[in-house]
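Subject: Structure handover

Hello,

Here is the structure I said I would pass on. My notes on it follow below.

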Amino acid sequence: MKTIDVTALGELLIDFTQNCLSEQGNYMFEANPGGAPCNVLAMLTRLGKKAAFIGKVGNDFLGKHLKDVVEEVGIDTRNLLLDDDVHTTLAFVHTYEDGDRDFSFYRNPGADIMLKEEDIDDKLIAESKIFHFGTLSMTHEGVRAATKKALRIAKENGCLITFDPNLREPLWNTLDEAKEQVAYGMERCDVLKISDNEVQWFSGLEDYDAGIAFIREKYNIPLILLSMGKDGSRAYYKDFRVEVKPFLQKNTIETTGAGDTFCACVLNYVLENGLEDLTEDQLKDMLTFANGAASLITTKKGALRVMPTKEEVLKLLADY
């Protein structure tokens with residue numbers, strides 16, 4: 001029985017987001033729960049779906065806090081483990097004036113990379129309709145083996161496979177190694193969510209359409225979603241190429257979690273409508289809702305705990 005809509009594997013960490021300056025002129029940071037896979041799941045629970053997470057945090061106060069937060073938003077944590085020896089992974093987020101950001105990771109080691117093959121709950125994956133993952137769980141040998149085991153189990157149990165490369169260059173030994181693992185994910189996924197800069201990096205082509213064509217020809221992925229930030233998004237499906245403009249917010253704070261929110265809305269649409277015989281109008285509706293949700297998360301700090309509701313997204317669309 002498929003009792004869980006989406007199970008995701010990967011990183012769960014604290015995003016320390018720059019908040020303000022102290023009276024002494026020092027940076028002040030807010031400890032926001034984060035990590036792309038859990039951000040995706042948090043949005044899915046907001047949309048009424050059942051979600052579960054596979055990962056590892058430290059058995060420290062931040063790790064225990066993360067576990068509490070993930071449970072608070074309604075995500076199944078039966079396969080979220082606490083590591084007694086390695087602390088919870090941290091990321092410091094530097095936000096620029098336009099809302100874009102840069103990351104500094106404290107992760108060598110961090111608890112998320114300590115996930116091992118024997119930690120994987122086979123039954124949990126077998127119960128899932130969709131298995132979702134990225135590449136931060138493929139940067140180190142042990143967690144990479146765990147990710148690939150989970151993928152094998154998902155394939156064996158008929159799960160739809162969804163993949164977001166979510167490239168973070170500083171976390172890789174070399175970009176050649178990163179490209180090899182991204183290719184591994186593309187070879188096995190049914191739905192690919194990829195950003196504009198990742199397409200250019202992976203394909204070596206500046207033009208987005210040419211880059212996507214390169215990926216489609218090589219990997220034959222049924223549905224590819226391209227996120228382009230302030231330029232909106234595109235869907236590539238069969239003979240369709242659908243583009244939808246963004247919903248730009250005047251009060252954007254930062255863009256952390258926007259891609260994850262977008263990705264979750266796409267997965268929600270696939271859960272409700274399937275992946276067979278989608279029409280151009282359906283793809284447009286899917287992208288419109290996803291763009292709207294992504295724009296709302298840019299008005300808040302962090303992501304996991306502050307995802308928009310369906311009603312908030314629909315109100316935004318109606319106002320436009």
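I start with Cys 265, which, apart from its neighbours within four places in sequence, is in contact (heavy atoms within 4.5 Å) with Met 43, Leu 47, Phe 289, Ala 290 and Ala 293. This is a predicted model, in which local features need pLDDT of at least 70 and side-chain atom pairs count only at pLDDT 80 or more, while totals for chains, interfaces and linings use all residues. Residues are numbered from 1 along each chain as its sequence is written, and side-chain values use heavy atoms, with hydrogens and water left out.

Cys 265 sits in helix H8, residues 258-273 (helices are DSSP runs of H or I with at least four residues, strands are runs of E with at least two, and both are numbered from the N terminus). Cys 265 counts as buried because its relative accessibility is 3% (buried is under 20% relative accessible area, exposed over 50%, partly exposed in between, with a 1.4 Å probe and protein chains only). From Cys 265 to Leu 80 is 185 residues in sequence and 23 Å in space, C-alpha to C-alpha.

Next, the cores. A nonpolar core is a set of buried Ala, Val, Leu, Ile, Met, Phe, Trp, Tyr and Cys residues joined through side-chain atoms within 4.5 Å. The largest has 57 residues, of which Leu 12 and Leu 225 touch the most other members. A second, separate core has 42 residues, including Ile 125, Ile 161, Trp 201 and Met 228. Beyond four places in sequence, the contacts of Leu 225 include Val 191, Ile 194, Phe 262, Val 266 and Met 286.

Then the spaces. On a 1 Å grid over the protein atoms alone, a cavity is a set of points where a 1.4 Å probe fits but cannot get out; a pocket is an open set with protein on both sides within 12 Å along at least five of seven lines, and lining residues have an atom within 4 Å of a point. Grid points are joined across faces, edges and corners, and a volume is the space filled by probe spheres set on the points.

There is 1 cavity of 30 Å³ or more, and the largest cavity holds about 50 Å³. Its lining includes Glu 11, His 132, Asp 164 and Asp 260. Helix H1 (36-46) and strand E8 (128-133) each supply at least two lining residues, and H1 gives the largest share, 3 residues.

The second largest pocket holds about 200 Å³. Among its lining residues are Phe 105, Arg 107, His 140, Trp 172 and Glu 177.

Regards
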